[in-house]
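This note is written for a student who is new to reading protein models. Please keep the sequence and the three-dimensional view open while working through the points.

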Amino acid sequence: MADLPVAVVCVGMAGSGKTTFMQRINAHLHSKKQPPYVLNLDPAVLSVPFEANIDIRDSINYKEVMKQYHLGPNGGILTSLNLFATKVDQILALMEKRSRIPPDSKTRPPHHFLIDTPGQIEVFVWSASGSIILESLASSFPTVIAYIIDTPRTSSTSTFMSNMLYACSILYKTKLPMILVFNKTDVQDADFAKDWMTDFEKFQDALREEEAKGVFGGEGAGGGSGYMSSLLNSMSLVLEEFYSHLSMVAVSSTTGDGIDTFFEAVEEKRKEFNRDYKPELDKRKKQREEEKVATREQELTKVMHDLNVSAARRKPAANHEPDVDEDDEDLNDADQYPDEMDDEKSDDDLSSRYKAALRDAEGKGSTGKESFANYLASSQAIR
Ligand SMILES: Nc1nc2c(ncn2[C@@H]2O[C@H](COP(=O)(O)OP(=O)(O)OP(=O)(O)O)[C@@H](O)[C@H]2O)c(=O)[nH]1
């Protein structure tokens with residue numbers, strides 16, 4: 001796994017600077033002669049300032065989706081993403097093919113896959129298709145989430161806390177290593193964020209300062225009652241453990257400051273993925289496989305039970321001597337009725353044939369996500 005390219009998935013609130021950041025890291029890798037493989041998963045973006053190797057817009061027309069399914073902008077993005085998720089196996093096949101280019105070939109395999117996501121963060125992070133795409137990626141490549149934060153808009157204790165809670169929810173939803181990217185540091189330094197994340201006292205000082213200035217409001221909404229500051233206070237205590245799992249980098253996508261540090265953090269998270277997350281993912285995959293086998297066995301036992309019952313019902317009839325013409329005797333030949341010659345063997349054969357049939361019914365080598373993809377495809381089609 002160590003030599004596989006790492007997938008960097010950029011998520012962030014609308015306007016946090018995801019696309020500008022993608023453009024910057026893409027240019028940075030090109031300048032290092034390590035061109036990345038780029039995917040754009042935002043179906044609604046009008047133009048992207050970088051060349052995408054795979055672009056959702058090439059296969060899905062977002063405006064047409066809105067028109068055909070009578071959807072608003074967010075529903076349109078979600079449905080486009082659902083439709084795209086049905087192709088996730090093809091996308092992965094392309095990425096895997098790219099990552100296995102032989103070293104003597106003219107084009108070299110990429111070190112990074114860069115993935116831009118829709119501006120409506122919840123559409124990607126909280127949708128079934130977003131989960132399918134992320135899980136599929138993580139089952140094939142080390143995968144890291146880069147959560148882009150608009151630093152100037154996060155400099156008050158309450159907006160900072162809101163953003164951290166959101167990051168926390170993404171971490172627990174995706175269960176993937178995460179880097180907090182404090183962007184736009186050319187406008188606002190991100191030192192305050194580092195202090196607040198590492199030193200609880202400093203966050204408390206900032207809280208007291210804001211309270212004294214009346215930032216939480218003097219009247220109404222519980223602001224002046226000290227409710228807000230005590231809430232933020234206890235939240236920061238809760239989040240202490242969460243901060244320890246994160247890498248934090250300060251960058252400016254405009255000037256390029258901090259981009260080297262970002263890639264150092266990516267390397268660190270790649271190792272973390274292989275060390276901590278991969279075994280957990282494998283465990284979950286194995287569990288799912290075992291559950292599938294158990295369900296199959298259960299179904300098989302039920303089928304066999306039903307067959308035994310019906311066989312038992314038929315048995316008395318079998319005791320009667322059949323009226324057989326002399327000429328028809330060869331019909332009792334073992335070659336003609338091998339199953340009736342040996343009951344035990346017949347049960348085994350039947351059992352294995354049912355097992356095979358159940359496997360076929362599920363589709364050879366199919367995974368849960370493929371089935372879901374089929375489900376999505378069919379549900380889209382019948383709408
Ligand atoms: N000063 C400064 N502005 C930035 C930086 N990064 C992005 N911006 C500006 O922030 C605005 C939003 O940037 P985008 O890259 O479009 O943000 P986005 O998150 O992709 O936006 P959506 O796709 O709408 O969600 C633009 O005006 C950018 O020029 C930065 O590092 N510094």
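1. Helices (H or I, at least four residues) and strands (E, at least two) are DSSP runs, numbered from the N terminus. The model is predicted, so local features need pLDDT of at least 70 and side-chain atom pairs count only at pLDDT 80 or more, while totals for chains, interfaces and linings use all residues. Residues are numbered from 1 along each chain as its sequence is written, and side-chain values use heavy atoms, with hydrogens and water left out.

2. Overall composition. The protein has 15 helices and 7 strands. Of its 383 residues, 40% count as buried; buried means under 20% relative accessible area, exposed over 50%, and partly exposed in between, with a 1.4 Å probe and protein chains only. Contact means heavy atoms within 4.5 Å. Among contacts between residues at least 6 apart in sequence, 75% join residues at least 24 apart.

3. Helices H10 and H11. Two packed helices are described by the angle between their axes and the distance between the axes. Axes are lines fitted to C-alpha atoms, for helices over the stretch in contact, and angles run from 0 to 180 degrees between N-to-C directions. H10 (residues 200-212) packs against H11 (residues 227-243) at about 165°, and the axes are 10 Å apart. H10 and H11 are therefore roughly antiparallel; angles under 35 degrees count as roughly parallel, over 145 as roughly antiparallel, 65 to 115 as roughly perpendicular and the rest as oblique. Their crossing is right-handed. A crossing is left-handed if the near helix is turned anticlockwise from the far one by less than a right angle, and right-handed if clockwise.

4. Residues between H10 and H11. On the H10 side, the contact involves Phe 200, Phe 203, Gln 204, Leu 207 and Glu 211; these meet Ser 229, Leu 232, Asn 233, Ser 236, Leu 237 and Glu 240 in H11. The residues of this contact divide into 5 nonpolar, 4 polar and 2 charged. Here Ala, Val, Leu, Ile, Met, Phe, Trp, Tyr, Cys and Pro count as nonpolar, Asp, Glu, Lys and Arg as charged, and the others, Gly among them, as polar.

5. Helices H8 and H11. What is the angle at which H8 and H11 pack? The angle is about 40°, with the axes 10 Å apart, and the two helices are therefore oblique to each other. H8 passes H11 in a left-handed crossing. Among the H8 residues that take part are Phe 160, Met 161, Met 164 and Leu 165, and the H11 residues include Leu 232, Met 235, Leu 239 and Tyr 243. This contact divides into 13 nonpolar, 3 polar and no charged residues.

6. Tyr 243. This residue is placed in helix H11 and is buried, with a relative accessible area of 6%. Not counting residues up to four places away in sequence, Tyr 243 touches Phe 160, Met 161, Met 164, Trp 196 and Met 197. Tyr 243 and Trp 196 are 47 residues apart along the chain, yet their C-alpha atoms are separated by 9.9 Å.

7. Asn 163. Is Asn 163 buried or exposed? At 10% relative accessibility, Asn 163 counts as buried. The residue is found in helix H8 (residues 157-174). Its side chain makes a polar contact with the side chain of Thr 154, at 3.3 Å. A polar contact is a pair of N or O atoms within 3.5 Å; within protein, one must be able to donate a hydrogen and the other to accept it, and residues adjacent in sequence count only if both atoms are side-chain atoms. Leaving aside neighbours within four places in sequence, Asn 163 is in contact with Met 13, Tyr 147, Ile 149 and Thr 154.

8. The two ends of H3. Just after H3, His 70 takes a positive phi of about 55°. His 70 lies in the loop between H3 and H4 and, at 73% relative accessibility, counts as exposed.

9. A further positive phi. Most residues other than glycine have a negative phi, and most peptide bonds are trans. Lys 33 has a positive phi, near 60°. This residue lies in the loop between helix H1 (18-31) and strand E2 (37-40), and at 60% relative accessibility Lys 33 counts as exposed.
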